[in-house]
Amino acid sequence: MPMAPASRGDVDVWDRSEMEPRIRHILERTVRLRDTGPYRPKSDAEVMAMLSTFFAAKGLEEFSISDVERMSGGASKEQFAFTLNHREDQQGERLVLRMDPLEAIAQTCRGREGEIQSIMGNHMPVAPVRWFDADGDLLGQPAVILGFVRGVTQPSEGGSAGVSGMGGRLGSLIDRLAPQYIDALAVTHRFDWSRAHLRFFDAPRAQSNQAAIWQVNWWSQVWWDCLVEPVPVVALAERWLRENAPVCDRPMLVHGDLRMGNFMFEEPSGKFTAVLDWELAHIGDFHEDIAWTMQKLFGAWGDDGIFLVSGLLPRDDFITQYEAASGNRIDPVRLHYYEVLNAYKCAVMDLGQAMRAATASNNHQEVVLTWLGSAGAVFLNYIVQLIRKG
Amino acid sequence: MLPDIDLRIANMIKALEQVILPALPRDQRLARDQAMLVAGHLRMIGEQWKSALRYEQVALDDLQGLARDLLPGAPAFLADDLAAALAMAEACDRASVTAIEQANIAIGHAVDAVILGGSDHAPMPSAAVDRLLDYALRHARRERSWFKANRLDPDQNDLPDLVTMLAETN
């Protein structure tokens with residue numbers, strides 16, 4: 001393993017100020033608000049009051065909110081379904097309020113999620129974005145309001161979904177789901193973000209290691225801000241990631257969390273109804289998405305004993321089909337780097353942010369956070385294996 | 001007979017699974033999910049609690065070993081803190097989970113500082129990196145075995161049970 005001081009590239013790999021400005025804002029806000037907890041899960045009545053204030057401020061007239069229903073799923077946001085009627089829409093629409101608890105396993109921006117999801121709705125099936133409140137100015141806490149999308153993330157029969165969609169099996173629908181999954185990745189990476197006039201995103205420089213260092217600085221700041229108990233290999237991984245940061249030739253839109261559990265489909269057709277959870281989206285190196293979806297924890301074993309990426313395709317088939325659909329060539333060295341980065345990110349989320357949120361009682365489902373935290377060592381194991389492989 | 005810990009854990013799991021969960025409406029999915037996870041946590045705690053002190057002792061012993069390995073190659077300005085944390089760990093009350101946890105955290109901070117090499121990012125000797133990776137593998141395997149019952153580990157079938165894992169460290 002190379003441990004010489006880093007010197008390559010036009011970004012100082014140890015400059016912790018090298019971070020996307022909106023991400024810095026979110027991380028600083030997290031620390032600033034942390035001590036205002038503990039967070040109490042919202043009641044239906046509280047949600048109705050928040051939404052009433054919001055829709056009044058948005059100028060909706062003669063509106064009513066009904067059938068408020070708390071939703072499960074995910075490990076991050078507090079979610080409620082509800083029906084909104086107003087003068088311009090007497091028939092009403094079923095909507096989803098997706099809002100930040102005080103702290104979650106990932107601290108992200110509803111403005112970024114709302115903005116990119118709204119745009120990507122022109123390119124692939126996503127839940128339509130109706131409104132977002134990036135800093136919670138009107139709702140009291142940051143949130144996005146989405147159209148309700150029908151579908152499942154695991155087959156109703158024999159899906160055996162685990163926490164947050166991990167460890168499930170997609171059964172007989174694999175052949176219909178896999179091409180749509182590849183297409184979602186390829187369309188995301190082909191998207192021309194430079195013409196999109198994004199308000200909540202900044203892009204790292206091309207032909208630079210800035211894309212990698214922005215990610216390392218994001219997640220290492222989360223780690224040090226949240227630290228409950230030091231883990232030596234997490235510090236070692238940070239050092240390795242700085243000293244081995246690769247150049248990104250051409251920054252692309254990265255979904256950040258595309259995997260089993262984060263796409264929804266209808267039964268029995270298997271047709272995608274929504275690509276979910278755009279909260280980790282950013283402009284960066286597409287290898288990050290490829291490495292993310294290839295993680296063992298997000299895959300499944302087929303009946304023949306072969307490991308399936310995201311429960312869908314053997315690794316080699318996945319790479320071949322992705323390259324054909326996207327036009328991108330996967331570089332094994334960069335893929336390896338982003339495998340380490342993703343294992344690091346997951347360890348930071350599970351053993352850092354989740355544990356801090358649970359310790360501070362700043363979430364609506366701490367039992368989920370500690371459950372996921374109990375899997376954190378899986379990623380420590382990956383980090384060792386990957387660094388040794390490199 | 002006083003109600004012991006195992007009995008109370010078993011009672012709580014039964015109450016959750018046979019009384020509380022069936023009483024929760026099917027559409028209250030978050031409440032149902034959380035109730036099931038509470039039962040899962042209780043089941044794991046039931047397996048772990050008798051070994052908790054031993055587990056913490058083993059974890060501290062291993063981290064102390066790593067700290068001793070790193071000490072000779074650590075930059076002088078970091079070695080003092082590492083040596084102090086080691087001394088604190090050696091003096092800590094090994095019958096107290098809390099004291100051991102605190103010693104673990106203190107050594108952990110000092111080890112982190114050595115890994116990052118201070119503001120100059122002093123390089124780590126390759127032998128020290130190898131020792132660290134060896135330690136990290138043991139640490140990960142220990143924690144994965146400790147939480148094997150969560151069934152989230154893709155390689156859970158390769159892991160020993162708690163008793164075997166702790167016996168391996170003797």
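Ser118(A) lies in helix 3 (residues 110-120) of chain A. Helices (H or I, at least four residues) and strands (E, at least two) are DSSP runs, numbered from the N terminus. This is a predicted model, in which local features need pLDDT of at least 70, side-chain atom pairs count only at pLDDT 80 or more, and totals for chains, interfaces and linings use all residues. Residues are numbered from 1 along each chain as its sequence is written, while chains are lettered from A and ligands numbered from 1 in the order in which they are written.

A residue counts as buried with 20 or more other C-beta atoms within 10 Å of its own, as exposed with 12 or fewer, and as partly exposed in between; C-beta atoms are placed from the backbone. Ser118(A) is 63 residues from Tyr181(A) in sequence, and 19 Å from Tyr181(A) in space, C-alpha to C-alpha.

Next comes the sheet. Chain A has an open sheet of five strands in the order 1-2-3-5-4, with antiparallel pairing. Strand 1 (64-70) and strand 4 (129-133) of chain A stand at the edges, each with a single partner strand, so one side of each is left without a neighbour in the sheet. Neighbouring strands are turned by 25° against each other on average, direction ignored. Two strands pair if DSSP finds at least two bridges between them.

Strand 2 (residues 78-86) and strand 3 (residues 89-99) of chain A pair in the antiparallel sense over eight bridges. A hairpin of two residues joins strand 2 to strand 3 of chain A. Strand 3 also pairs with strand 5 (residues 143-147) of chain A, antiparallel, over five bridges. Some opposite residues are listed here.

| Residue | Opposite residue | Strand of the opposite residue |
|---|---|---|
| Phe80(A) | Leu97(A) | strand 3 of chain A |
| Arg98(A) | Val144(A) | strand 5 of chain A |

Helix 2 (residues 44-57) of chain A lies across strand 1, strand 2, strand 3 and strand 4 of chain A. Helix 2 runs at about 140° to strand 1 of chain A. Axes are lines fitted to C-alpha atoms, for helices over the stretch in contact, and angles run from 0 to 180 degrees between N-to-C directions. Contact means C-beta atoms, placed from the backbone, within 7 Å.

The largest nonpolar core has 150 residues. Such a core is a set of buried Ala, Val, Leu, Ile, Met, Phe, Trp, Tyr and Cys residues joined through C-beta atoms within 7 Å. Val340(A), Ile383(A) and Ala67(B) are among the residues that touch the most other members. Helix 9 (residues 332-359) of chain A gives the most to this core, with 15 residues.

Conventions. Two residues are in contact if their C-beta atoms, placed from the backbone, lie within 7 Å.
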